[in-house]
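The sequence and structure are shown first.

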Amino acid sequence: MNLLIDTALKGSLLIIAAAAASYFLRNRSAAARHAAWTGAVIGHLLLPAISFVMPQWNLGLLTPPSWMNTPSVSTPAISSTEKPAAPATSRATTKTETPAANTPARSSNVVAPVTPAPVKQPSWTDKVRASNVSPVLLLWIVGSALVLLRLAVGTWKVGRLAKQGDRVDDGEWLSLTQRLANRLGITRPLTLLRGDKLAVPVTWGVVYPAVLLPPDSIEWPEERRRFVLVHEMAHVKRFDALTQLVAQIAIAVFWFDPLIWLAAHRMRVEREHACDDYVIRDGTKPSLYAGELLEMVQSIGAPTRESAAPAFAALAMARRSEFEGRMLAILDSRQNRHTLGRRSAAAAATLLFALIIPLAAMRPF
């Protein structure tokens with residue numbers, strides 16, 4: 001548990017650095033800001049592993065709290081030449097007196113009866129202490145299990161929607177998908193499914209990605225089909241499903257750190273902005289795209305439509321809680337909509353490791 005607290009403190013510095021980088025990149029593309037937040041989350045997870053192989057750099061700036069120290073209870077060893085103490089007798093040693101001849105002898109072997117004390121049943125806290133498991137560690141295990149359970153339930157929901165959906169075999173959809181994949185440089189096979197309860201398109205899968213379309217997608221015009229596929233295929237090209245999974249694992253490990261939740265939220269926001277930039281660069285008119293997204297968002301929560309799968313298990317195209325910011329970004333003609341090039345990505349990775357290595361070696365306590 002001490003390692004987790006130590007890593008959370010160091011990871012907080014990474015997230016603060018990502019927030020500062022995001023501020024200075026406010027006039028740059030959403031892809032660059034997403035890379036900054038993603039690097040902080042990945043670095044947060046890498047810190048414990050790198051700490052084991054890096055030499056220690058002891059600073060001694062902080063004093064660890066008492067609950068971080070688990071003192072070991074040791075039993076003093078008894079020498080083989082040392083005899084155990086004699087048991088205490090029930091008679092008290094008194095001043096030696098010579099009894100008088102006419103005084104009757106008193107019996108010294110009379111012992112008063114002793115009533116045994118009632119045996120107290122150990123509570124669950126006593127059992128935890130007896131098993132040498134720290135209550136703080138037990139609390140962390142429970143929190144991590146709940147986060148992983150949420151992820152498992154969301155994954156099960158997505159799998160159920162995919163199982164109930166129908167594979168799209170329409171020639172127009174498949175031909176459009178192939179043309180867009182060639183244009184975006186996507187070589188992984190993409191599966192199109194059509195569900196009967198979704199309100200917005202949903203993408204998931206890293207190695208074998210899939211897109212689940214709403215039931216009314218069969219009636220969509222050509223323009224709407226194109227920008228929906230461009231947005232969802234941008235997720236596939238950027239490996240957003242993988243970075244989203246990494247973010248959920250980081251939340252499961254460091255769920256007690258509010259900054260990791262903030263970083264995961266900002267990753268999701270900038271991720272959607274980056275995919276919207278793909279749509280605008282592909283030639284879709286911003287006003288038309290914003291209007292179509294508004295119509296999708298309005299259908300979320302309708303009696304015949306379920307909301308999209310949880311954001312921690314799949315990538316939904318639209319969410320009500322984040323729609324206002326997306327609309328402003330889509331309609332802002334001054335937005336930088338470039339992608340993150342290979343050189344920029346390599347520079348960001350180099351900077352990340354330059355921050356992680358000294359942090360991993362540092363021992364603040």
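Of the 47 residues in the largest nonpolar core, which touch the most other members? In this predicted model, they are Trp-204, Tyr-289 and Met-296. Helix α6 (residues 222-238) gives the most to this core, contributing seven residues. Another core, of 25 residues, lies apart from it and includes Ile-50, Val-147, Ala-250 and Leu-359. In soluble globular proteins, nonpolar side chains tend to be buried together.

| Residue | Contacts (heavy atoms within 4.5 Å) |
|---|---|
| Trp-204 | Val-158, Ala-162, Leu-193, Pro-209, Ala-210, Leu-212, Ala-313, Ala-314 |
| Glu-292 | Arg-224, Phe-227 |

Glu-292 is found in helix α9 (residues 286-299). Glu-292 counts as buried because its relative accessible area is 15%, and the cut-off for buried is under 20%.

Helix α1 covers residues 2-24. At 1.5 Å a residue, its 23 residues should span 33 Å, and the end C-alpha atoms are 34 Å apart, which agrees. The buried residues of α1 are Leu-4, Ile-5, Asp-6, Thr-7, Ala-8, Lys-10, Gly-11, Ser-12, Leu-14, Ile-15, Ala-18 and Ser-22. An α-helix has 3.6 residues a turn, so residues three or four places apart point the same way. Against which elements do the buried residues of α1 pack? The partners are the helices α2 (30-53), α4 (135-164), α7 (240-253), α8 (258-281) and α11 (342-361), together with the strand β7 (362-363).

Key: Residues numbered from 1 in each chain as written. Predicted model: local features only at pLDDT ≥ 70, side-chain atom pairs only at ≥ 80, totals over all residues. Heavy atoms only, no water. Helix = DSSP H or I, 4+ residues; strand = E, 2+ residues; numbered from the N terminus. Expected span 1.5 Å × (residues − 1). Buried < 20%, exposed > 50% of the residue type's maximum accessible area, 1.4 Å probe, protein only. Core = buried A, V, L, I, M, F, W, Y, C linked by side-chain atoms within 4.5 Å.
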